[in-house]
Amino acid sequence: MRKVYVIHENDAWVEPLRRQFAQLGTPFEEWFLDRGVLDLTQAPPEGVFYNRMSASSHTRDHRYAAEYTGAVLEWLRRHGRPLVNGPRALALEISKVAQYQALAGFGIRTPDTLAVVGRENLARAAETLGYPLILKHNRAGKGLGVKLILSRAGLEQHLASPEETAPVDGIQLVQRYIEAPEPFITRVEFVGGRFLYAVRVDTSQGFELCPADQCQVEAGAACPAVAPSEKFRILPEFRSPLLPRYEAFLAANDIGVAGIEFIVDREGRAFTYDVNTNTNYNPDAEAHDGRSGMATIARYLTDLLAATARAPALAAD
Ligand SMILES: Nc1ncnc2c1ncn2[C@@H]1O[C@H](COP(=O)(O)OP(=O)(O)O)[C@@H](O)[C@H]1O
Ligand SMILES: [Mg+2]
């Protein structure tokens, strides 16, 4: 039977999607890609494939889940399977450098950034950029390694502290700190490459902004991601010249589902700094607003399954 195949490495994040598929009666199967065997001599099953691999998968002890997914996605593409968030989406998911280079092609401003390989080069990069700056991992998610550094002394102190963590791909970013007049960022959600809604996220308590329920629960009271009421607020209306640019960027990079984050500085300039192709939605904010990201994704994939049944894609081989 043709189905929707969901590729992921985190059960908890798929739970809301399971519920939506169940409501629609959509046949689906999950491919939990951490370790396994990919037989390149075989063809994949028929169906629609949706990749939800996360940049932070290595933090859940799935060190090579993203690499494994990359191999599977290439195999699916070779066989012409309908694929939402294919290899290019994954390449952007796991590299902010790749995101910024791709965004620039669509006139989307990103914060000045230096990519640093080798810890010994961090101080030089920081002097080049100037303070205050943000340190973050190239391959991140959930605010990994994000640290505001105010001065050279602050950098030295941070590098000497146990708080400093090595980026999994060896690339550390030294980035211009964008000081927002009010402590919030905006995250713009897209499904099927089209704008769904924008959510305003309060950053007054820290940089870990995962909107998923699970992170908020598991993290415990000490975690900045624990949402006080109104931490995530879906904007009833959102108009921005960024929207058509974001949609063009997503279309050109084969990204169907994404949450794109930007921050606005004192001069009113928007800086886009994060593209999440594995996107989660805040349940409380959605309950308040009425729109649902996962319901929209489930409907989109279900429609795609029906459409591709009528007009099957030709295999490339
Ligand atoms: N250049 C920056 N200036 C100001 N705040 C930033 C900057 N970069 C990141 N942040 C803050 O840190 C959070 C996490 O950073 P982000 O780049 O989104 O990493 P991740 O991919 O781990 O989510 C952002 O949502 C924002 O609140
Ligand atoms: Mg982010």
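These legends describe close-up views of one predicted model. As the model is a prediction, local features need pLDDT of at least 70 and side-chain atom pairs count only at pLDDT 80 or more, while totals for chains, interfaces and linings use all residues. Residues are numbered from 1 along each chain as its sequence is written, chains are lettered from A and ligands numbered from 1 in the order in which they are written, and side-chain values use heavy atoms, with hydrogens and water left out.

**Figure 1. The whole protein chain.**
The protein chain has ten helices and 13 strands. Helices (H or I, at least four residues) and strands (E, at least two) are DSSP runs, numbered from the N terminus. The radius of gyration is 20 Å, close to the 20 Å that the globule rule gives for 317 residues, so the chain is as compact as a globular protein of that length. This radius is taken over C-alpha atoms, and the globule rule is 2.2 Å times the number of residues to the power 0.38. Along the principal axes, the C-alpha atoms fill a box of roughly 60 × 45 × 40 Å. Of the 317 residues, 49% are buried. Buried means under 20% relative accessible area, exposed means over 50%, and partly exposed lies in between (1.4 Å probe, protein chains only). A contact means heavy atoms within 4.5 Å. Among contacts between residues at least 6 apart in sequence, 71% join residues at least 24 apart.

Strand β1 covers residues 3–8. Six of its six residues are buried, so the strand is largely enclosed by the rest of the structure. In a regular strand the side chains alternate between the two faces of the sheet. On one side of β1 sit Lys3, Tyr5 and Ile7, on the other Val4, Val6 and His8, and all are buried. Two strands pair if DSSP finds at least two bridges between them. β1 runs parallel to β3, joined by five bridges. Here Ile7 stands opposite Asn51 in β3. β1 also pairs with β2 in the parallel sense, over five bridges. In that pairing Val4 stands opposite Phe28 in β2.

**Figure 2. The unit built from β1, α1 and β2.**
β1, helix α1 (residues 11–24) and β2 make a right-handed β-α-β unit. Right-handed means that, with the strands pointing away from the viewer, the path from the first strand over the helix to the second runs clockwise. Gln20 lies in helix α1. Gln20 is buried, with a relative accessible area of 19%. Leaving aside residues up to four places away in sequence, Gln20 touches Ser292, Met294, Ala295 and Ala298.

**Figure 3. Val72 in helix α2.**
Val72 lies in helix α2. Its relative accessibility is 2%, so Val72 counts as buried. What does Val72 touch, not counting residues up to four places away in sequence? The contacts are Ile7, Trp31, Leu33 and Leu38. Val72 and Ala123 are 51 residues apart in sequence, and their C-alpha atoms are 39 Å apart in space.

**Figure 4. Salt bridges.**
Side chains of opposite charge can pair when their charged atoms come close. A salt bridge is a side-chain nitrogen of Lys or Arg within 4 Å of a carboxyl oxygen of Asp or Glu. The structure holds 24 of these. One joins Arg18 to Asp11, with the closest N and O atoms 2.8 Å apart. Arg18 is partly exposed at 21% relative accessibility, and Asp11 is partly exposed at 41%. Another salt bridge joins Arg81 to Glu46 (3.7 Å, N to O). Arg81 lies in the loop between α2 (65–78) and β4 (83–84) and Glu46 in the loop between β2 (28–32) and β3 (47–51), so the pair ties together parts that are 35 residues apart in sequence. Arg81 is buried at 11% relative accessibility, whereas Glu46 is partly exposed at 46%. Glu267 and Arg269 also meet in a salt bridge (3.6 Å, N to O). Glu267 is exposed, with a relative accessible area of 61%, and Arg269 is partly exposed at 37%. Salt bridges that share partners join Asp11, Glu15, Arg18, Arg19 and Glu30 into one network.

**Figure 5. The magnesium ion.**
Which residues coordinate the magnesium ion (ligand 2)? Glu261 (OE) and Asp274 (OD) do, at 2.0 to 2.4 Å. The pair links distant parts of the chain: Glu261 is in strand β12 (residues 258–264) and Asp274 in strand β13 (residues 270–276), 13 residues apart. Donors are N, O and S atoms within 2.8 Å of the metal (3.2 Å for Na, K and Ca); water is not among the atoms, so sites may look incomplete. Glu261 is buried at 6% relative accessibility, and Asp274 is buried at 10%.
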